Each structure stands twice: as C-alpha cells, then as structure tokens.
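These are my notebook entries on a structure I examined element by element. I begin with the strands and then turn to the chains, domains and helices.

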Amino acid sequence: MVRWKVYKFKLLVASVTTLLISACSSNNEATAVKVDKSTTKTIVNSILPSAHAATYEQISITAEGFKLGKPASNEEIAGWHIEVGHGHNLPPGEGTAADGEEMFETLCASCHGSFGEGVGRNPVLAGGEDTLTDRQKPERTVGSYWPYASTLLDYTHRAMPFNSAQSLSWDDTWSISAYVLYLNDIIEDEDFVFNAESYHDITMPNENGFIIKDKEADTSNTRCMKDCKDPKSITIKTALLGYGSGAEDVVEETAVVEGHELGQKIYDATCRLCHGTGLAGAPKVEDRVTWEHRLQEGINKVYKHAIDGYSGQYGVMPPKGGNLELTDEEVKAAVDFMIKDVK
Amino acid sequence: MSEQKITEKGKSSVQQITENENTTSRRKFLTQAAATTVVASGAAVASSNLPPNVPSWQRTLGKPVNTNPYGQPSKYESDVQRRRVPWLTPDSIASISFTPLAEIKGMISPNGLAFERDHGGLPTIDPKQHRLMIHGLVEKPIILTMDDIQRFPNVSRIHFIECPANSAMEWKGPQVGRLQFTHGMTNCCEWTGVQLKHILKEVGVKPEGKWILAEGADSASMSRSIPMEKALDDTLVVFGQNGEALRPENGYPLRLLTPGWEGNTSIKWLRRLEITAEPSYQREETSKYTDLIAPRDKNKQDLVGKAYMFSYIMEAKAIITFPCPEKPLKDHGKYVMNGLAWTGTGKIKHVDISLDGGINWQEAELNGLVLDKCWTRFSFAFEWNGEELLIQSRATGEDGYVQPTIEQLREARGVASIYHNNCIHTWRISKNGEVESVQV
C-alpha cells in the first residue's frame with residue numbers, strides 16, 4: 001500500500017504573493033523575479049477571494065479507490081468479450097468439416113495450404129503426429145501440439161483470416177475449426193456437428209503434453225572462476241566452418257528455401273496476402289485474364305503501379321505492397337514472378 | 001586493420017545484408033554476416049576540416065533553432081536503426097525488428113530503436129477513441145478512457161523487455177553473426193504508468209478471480225493470461241516511454257508491462273482486461289511461447305516431447321556489446337569492453353568475463369545504476385596485442401542463479417526448444433581484430 005504524505009497548508013491572501021514567487025524560483029530569498037504588487041493583488045483577488053482561502057489537504061487515494069471510468073454495460077462487454085475458454089465461454093453456432101472445407105480453401109489455403117501443410121513459412125496446421133519427441137525437427141501443428149480445441153476456435157475468430165480479423169461468424173468459425181480438426185484426423189466424420197455441446201467429445205492428442213514450469217530454474221551453472229574446464233575440450237563452432245547437420249537444420253527451419261527465385265520470395269513475404277486471395281481487387285496470380293488485361297497498357301505501367309501504388313476502379317494497391325523496405329528492383333521481380341505465366 | 005569499403009550506394013554492409021537478403025544466398029548471407037565489419041566513421045573525412053585548418057562548420061552560421069521541432073539524430077548516425085531479418089518470419093507484418101545493441105550508449109534504449117514485435121501489424125490508434133475495458137469476475141465492470149487512466153497515481157520505472165525468442169536462432173549452432181540479430185530482441189526504457197493493482201481496486205476482484213486475460217487492440221487481438229499474483233505485484237498499465245507518450249511500435253496509447261517476464265505478456269495497445277478463474281489458453285501460450293523439450297540429461301528422459309507452459313520469467317543474460325561483429329578492434333592497445341546484463345528475477349549481482357572461452361573468469365565492473373529487472377551496464381578493461389580471444393560474459397542474479405552455457409541448456413531442453421535461450425555467448429576475436437559469433 002502506498003503511503004501518501006499528507007500536506008496541510010493554509011493559504012492566506014497575504015501570503016499568496018510569496019507563494020507565487022517561490023513557485024517560480026527554487027530559492028525564495030535569492031529570487032530575481034520582480035513582481036508588480038498592484039498587479040499581483042488584482043490577480044489574487046480575482047482568482048482566490050478571501051472567502052475561499054480554505055484549508056487544502058492531499059487526499060489518500062488508495063483508501064477508497066478513484067471511482068474513475070464508467071460502468072461497462074452488458075452490451076458493450078458482449079461486443080468485446082471474444083475469447084473462447086477451454087470448456088467454458090464456448091460461442092454460439094455450429095458447423096461441420098464439410099461446411100468448412102470450401103471456406104478454408106477460399107480464406108485459408110493461400111497461406112496454410114489446402115491440406116494445412118503451410119505455404120512458404122506460414123504455419124503448418126496439420127500433420128506432425130508423433131514428432132514431438134523428434135530431437136531435431138519436431139512439428140508443432142494444431143493436431144500434434146495444441147492442447148485444447150478452444151484455442152483453435154478462439155484464434156480463428158480473433159485473428160484470422162490474417163488480412164481481415166474478426167470477420168468470421170461463429171458458424172464459420174465452428175466450420176473452419178472442424179475442418180482443421182478433420183485435416184488432423186481428430187474429427188473423422190465430415191458431417192460431425194461441431195458446437196458447444198459436442199466440443200466436449202473432442203480430445204486433443206497432446207492435451208497432457210504440457211507442464212507448468214515451476215519457478216525453479218532447470219539449469220544450475222556455478223560461478224567458477226579458475227580452471228573451469230579443460231582447454232583441450234574447447235572446440236569452436238562457427239556458422240561458416242559448419243556445425244555438422246545442425247546448422248543446416250536451423251537454416252531450413254527458420255528460413256530461406258534455396259532455389260527460390262527472388263521474385264517468389266518477395267511475393268511470399270509481401271504480395272501473397274492480397275494477390276493470393278484477391279483481396280482489395282488484387283489480381284490473383286493464377287488469374288491470367290485479369291493480368292493480360294492489365295498488361296495491355298504495358299509492363300512499365302504495371303511496375304509503376306506496383307512501386308508507387310494505385311487506387312482506382314480496379315481496387316487498391318499500396319506502394320510496394322506496403323513494404324517500403326523493398327527496392328524497386330525487388331518489386332519488379334515480384335511482379336515478374338506473378339505474371340510469369342502470362343507473358 | 002584496413003578500413004571497411006563503403007558499398008556502392010553508400011550504405012553500410014549490414015544494411016546491404018539485411019535489405020538485399022533476397023538477392024543473397026543463404027551461404028553468402030552467413031559469410032557476410034560473420035565476416036563483414038562496419039566502420040561508420042572515418043571513411044571520407046575531408047582533410048580541410050582537420051587541424052590546423054578550422055572546420056567548415058565553424059566558419060558558417062548554423063541552422064535556425066528548432067529546425068527540427070521533433071529532434072532527430074545527426075545525419076551521420078543514419079546507420080543506427082532497427083532492422084529485420086527478412087527470412088525469419090513468413091511476412092513483414094507479423095514480424096520483429098531488432099535493437100542495434102552495438103550502438104546503444106547507455107542503459108536506456110531510445111524510443112526509435114526499441115525492438116518491436118507485432119503479431120498482426122502496427123495499428124494506428126486514436127487515443128480519444130481508445131478504451132480499456134475491465135470485466136469478468138469483478139463487482140463492477142468499467143470502461144476507462146485515456147484521460148481516466150492518467151488521473152490514477154502513476155509511477156516511472158526503468159525495466160527491460162525481452163522477447164523469449166531472443167537468441168532463438170542459435171540453439172543448434174551460431175547462425176546470425178551480428179549482435180543486433182543474436183541479442184537485439186530486447187529494449188530497456190523508463191516506463192510511466194499506473195500500477196495495475198490500483199485499477200483492479202476500482203472494479204473489485206471477486207475471490208475466485210485468479211487470472212487476468214490481457215488483450216490488445218491490434219488485428220491479432222494479441223492476448224496472454226497473467227496470474228493475479230503478478231498483476232498485484234509490479235505490473236503496470238503504461239502510457240509513457242522515456243519521457244514521452246508510448247511509441248506506436250511499443251503500444252501507443254496504452255500497454256501492459258509485466259517486468260522481467262516474456263515480452264509478449266506486456267500486451268501492447270491494451271484494450272481489455274478480463275478477470276478469470278483459469279488461464280484462457282490463448283494461441284500465444286499454447287501453440288507459441290511454450291518450450292518443447294527433449295533433454296539430453298539421462299535422468300530426464302521422461303520429459304522428452306513434453307513442453308513447458310507459462311514459462312514467464314526471462315532468466316539472467318549478459319552480452320558483450322563491444323567488441324562485437326559490428327564493432328571490431330582496430331588497433332593494438334588498451335580497450336574497455338562494454339556490455340549489458342539483465343535478469344527477470346531482480347537485480348544483477350555479478351558479471352564475469354572470460355577471454356579464453358570459459359576456462360578462467362574475472363569479475364567485470366558494474367557501471368551506473370543497478371536496478372531491478374533492468375539492463376545493467378558492465379565493463380572490463382583489457383589490453384589486446386593481436387592475439388586470438390574467445391570472449392564471454394556470464395551474469396549472476398541476486399537470487400544466485402548463474403547464466404548457463406549452451407551445453408547446459410541443451411542438456412536441460414535439447415536443441416529444438418526455440419524460446420528462452422539465455423546461454424553464455426562467445427565472440428571470437430581474430431588476429432586482425434574482426435569479431436565473429438561462435439559457440440564453444
């Protein structure tokens with residue numbers, strides 16, 4: 001509990017002049033501030049009539065609370081109360097994997113792949129069963145890793161699709177979640193109706209795979225100061241000289257896919273969000289007809305719109321796809337990649 | 001040591017590496033990352049400005065006062081910036097930028113350089129339309145405006161924030177050969193805000209309320225479950241950063257701050273706190289930010305394939321920020337090694353330095369303030385005459401915990417654990433003064 005110092009000070013009209021001066025100076029006596037007494041008196045009279053020369057006291061602010069803010073109504077809470085808990089706070093509505101398949105293909109597959117296998121470096125949603133004990137490359141997917149299906153419902157509704165969060169209805173959320181569980185063989189019947197009641201019939205394979213980490217550290221180094229190890233035991237591992245297969249794995253896991261063209265890498269990182277889905281009127285990569293139409297005005301115009309941005313009858317293209325870190329050449333490479341089947 | 005060649009566009013090598021990663025093969029990236037060095041100054045200094053000549057800027061009138069109403073760094077510091085590793089994340093929206101630790105001059109990260117992790121991009125929030133809702137297992141659910149929040153008693157505290165993925169690329173071996181990328185997912189600022197316990201008092205938490213779901217107003221609605229014990233301890237609801245309003249990248253206009261804990265629990269753009277009886281098992285505390293382990297320790301084989309959940313605390317870590325790959329040694333002679341250490345459990349007690357890869361250690365000096373859950377500066381004077389060195393720093397917290405070696409971490413967790421790699425780091429200084437990231 002914070003202890004608040006209580007100050008009491010009486011303000012008398014006669015002493016206000018001194019107070020005003022001392023407020024402007026750290027040293028009351030040595031002050032260089034000149035005060036026109038008649039002016040000061042006028043001001044004091046106008047802001048602090050003698051009848052109000054009261055006792056002020058700093059209040060205790062922790063004792064009673066501040067009573068700030070306004071009460072939140074049930075309606076206001078309902079609009080923002082989006083999370084889905086494990087076995088509670090389950091949302092209304094329902095859906096089946098069969099319902100979810102088409103939505104998944106339209107809204108999710110451009111990043112996660114038609115089978116949840118992940119496109120580029122986007123999260124893999126399905127598979128990976130029995131890989132968690134793999135010391136080098138465990139695959140953490142919804143099926144292999146996630147402990148509760150509630151998290152899938154929650155996150156799908158909360159944050160997906162990546163480019164239009166909170167756009168899915170609860171029915172859509174149940175359907176798409178059912179389809180992701182279907183891709184993981186956790187829901188086996190595509191017509192299984194997934195809802196708040198049947199939620200309890202689903203068991204996630206890795207539900208018991210988690211341990212709450214206690215506060216004790218899991219390493220116990222000592223503060224050795226002299227001759228702490230045998231000099232002969234020291235081997236130097238560098239990224240260049242190689243760390244056996246390990247370093248290769250790291251790179252593979254965190255990153256670059258060798259052999260990718262520059263354009264595709266740029267596309268994957270920046271463009272696919274819209275050009276993979278058709279968002280904001282963006283021509284999809286496979287949409288040859290639209291691309292041919294755009295290219296009638298010449299490739300330089302397409303480059304220009306990609307670099308400088310475009311807003312008009314066809315939709316909206318932010319400059320460099322919104323990634324201003326890209327060079328013009330990189331943007332052009334991405335355009336070339338997208339139209340490679342058209343040219 | 002020869003001066004670094006200035007690349008064609010006048011950019012530094014590191015910029016070339018990061019920006020042009022897409023034109024660079026992985027092998028080339030690694031080569032450059034490990035071998036190139038940056039010499040920011042001294043490239044093309046006009047000799048007419050050196051003694052005995054009077055510099056040109058002394059003979060001409062300067063710019064008017066307040067030319068930059070919001071001050072900017074010198075143009076000669078344009079190389080000092082946050083950077084991304086483009087291939088690290090699937091896209092540039094749900095991504096991360098790294099603090100340039102080699103360029104940090106004290107125990108505070110300037111606001112424009114403080115690392116940023118966004119899970120659904122950077123939102124642009126009008127503070128007049130921003131609200132904090134507090135509800136759930138409470139007597140009186142409320143909605144607060146930014147004005148309301150700033151009427152509560154507020155405090156200023158200096159704390160580090162570190163992403164648990166800091167150094168995550170190094171579990172299997174050295175991969176990203178620059179300090180900015182091996183350790184730059186951390187910042188340290190003076191944060192100004194309201195102790196959460198004061199705000200919770202307003203709503204009246206019911207006895208069964210043991211957890212708080214904190215949620216952001218970004219497009220990921222980034223969310224984590226926080227135990228009530230932490231909320232009532234030192235958690236802040238923050239609106240100020242290093243003396244000004246929070247920067248958008250760090251949560252403007254309002255964020256949570258859970259000192260010493262995984263950075264992502266300090267929810268940015270905070271819009272909602274729900275008091276609950278149980279954790280909410282959000283995606284970022286089940287699918288992500290959990291530590292799948294495969295201990296090598298023979299006595300812990302039953303844990304292979306299990307995962308730690310709610311591993312909130314960022315354990316002690318020290319890193320040498322000079323010399324480092326970005327800041328090599330240039331000449332023989334005396335140097336002062338500098339670095340930063342921090343721990344999520346309290347204050348730093350000791351930092352020790354080894355020059356021989358961990359065989360012998362000597363205690364470094366702690367410089368300046370030593371604060372709770374805060375970057376602490378350390379220094380160590382040494383003389384270098386061209387010998388190869390393997391330099392390391394090792395932090396000990398006031399709780400007695402000693403920063404582990406990478407091998408000790410692998411014994412405890414294997415190599416595929418991703419998060420919470422706080423191992424002792426090794427820089428190799430070669431005969432020509434260049435510095436390379438290695439593991440021993």
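Predicted model: local features only at pLDDT ≥ 70, side-chain atom pairs only at ≥ 80, totals over all residues.

**Entry 1**

I looked up the strand order and found an open sheet of three strands, β6(A)-β14(B)-β13(B), with mixed pairing. I note that β6 of chain A and β13 (291-292) of chain B stand at the edges; each has a single partner strand, so one side of each is left without a neighbour in the sheet.

I then checked the pairing within chain B. Strand β14 (residues 307-309) of chain B and β13(B) run antiparallel and are joined by two bridges. For Asp291(B), I found the bridge partner in β14(B) to be Tyr308(B).

**Entry 2**

Which strand order does the open sheet of six strands have? I recorded β7(A)-β23(B)-β22(B)-β21(B)-β17(B)-β18(B), with antiparallel pairing. The edges are held by β7 of chain A and β18 (362-363) of chain B; each has a single partner strand, so one side of each lacks a neighbour in the sheet.

I followed the step from chain A to chain B. Two bridges join β7(A) to strand β23 (residues 435-439) of chain B, and the two run antiparallel. Opposite Thr238(A) I found Val438(B), in β23(B).

**Entry 3. The contact between chains A and B**

I next looked up the whole interface: 82 residues of chain A are in contact with 83 residues of chain B. On the side of chain A that touches chain B, the elements that each supply at least two residues are β3 (70-71), α3 (74-80), α5 (149-159), β6 (210-212), β7 (237-238), α7 (244-254) and α8. By class, I recorded 40 nonpolar, 21 polar and 21 charged residues on that side of chain A.

**Entry 4. Chain B as a whole**

I noted eight helices and 23 strands in chain B. Of its 440 residues, 55% are buried. I also looked up contacts in chain B between residues at least 6 apart in sequence, and 71% of these join residues at least 24 apart.

**Entry 5. Domains of chain A**

I found chain A divided into domain 1 (8-57), domain 2 (85-201) and domain 3 (262-338). The C-alpha centres of domain 2 and domain 3 of chain A lie 30 Å apart. Four residues of domain 2 of chain A are in contact with six residues of domain 3 of chain A. The domain 2 side of this contact has one nonpolar residue, three polar and no charged.

**Entry 6. Helices α4 and α6 of chain A**

Two packed helices are described by the angle between their axes and the distance between the axes. At what angle do α4(A) and α6(A) pack? I recorded about 90° for helix α4 (residues 97-112) and helix α6 (residues 170-183) of chain A, with their axes 7 Å apart. The two helices are therefore roughly perpendicular to each other, as angles of 65 to 115 degrees count as such.

From α4(A), I listed Ala97(A), Asp99(A), Gly100(A), Glu101(A), Met103(A), Phe104(A) and Cys108(A), which meet Asp172(A), Ser175(A), Ile176(A), Ala178(A), Tyr179(A) and Tyr182(A) in α6(A). The contact has eight nonpolar, two polar and three charged residues.

**Entry 7. Helices α8 and α11 of chain A**

I then looked up helix α8 (residues 262-275) and helix α11 (residues 328-338) of chain A, which pack at an angle of about 75° with their axes 8 Å apart. That angle makes α8(A) roughly perpendicular to α11(A). Among the residues making the contact are Leu262(A), Ile266(A), Tyr267(A) and Cys271(A) of α8(A), and Ala333(A), Phe337(A) and Met338(A) of α11(A). By class, I recorded eight nonpolar, four polar and two charged residues for this contact.

**Entry 8. Val302(A)**

I placed Val302(A) in helix α10 (residues 299-308) of chain A. Is Val302(A) buried or exposed? I found 21 other C-beta atoms within 10 Å, so Val302(A) is buried; the criterion is 20 or more.

Not counting residues up to four places away in sequence, Val302(A) touches Arg294(A), Leu295(A) and Val335(A). I also noted Lys332(A), which is 30 residues from Val302(A) in sequence and 9.0 Å from it in space, C-alpha to C-alpha.

How values were computed: Residues numbered from 1 in each chain as written. Chains lettered and ligands numbered in written order. Axes fitted to C-alpha atoms, helices over the stretch in contact; angles between N-to-C directions. Helix = DSSP H or I, 4+ residues; strand = E, 2+ residues; numbered from the N terminus. Parallel < 35°, antiparallel > 145°, perpendicular 65-115°, else oblique. Contact = placed C-beta atoms within 7 Å. Nonpolar A, V, L, I, M, F, W, Y, C, P; charged D, E, K, R; others polar. Pairing = 2+ DSSP bridges. Buried ≥ 20, exposed ≤ 12 C-beta atoms within 10 Å, placed from the backbone. Domains from an automatic or database assignment.
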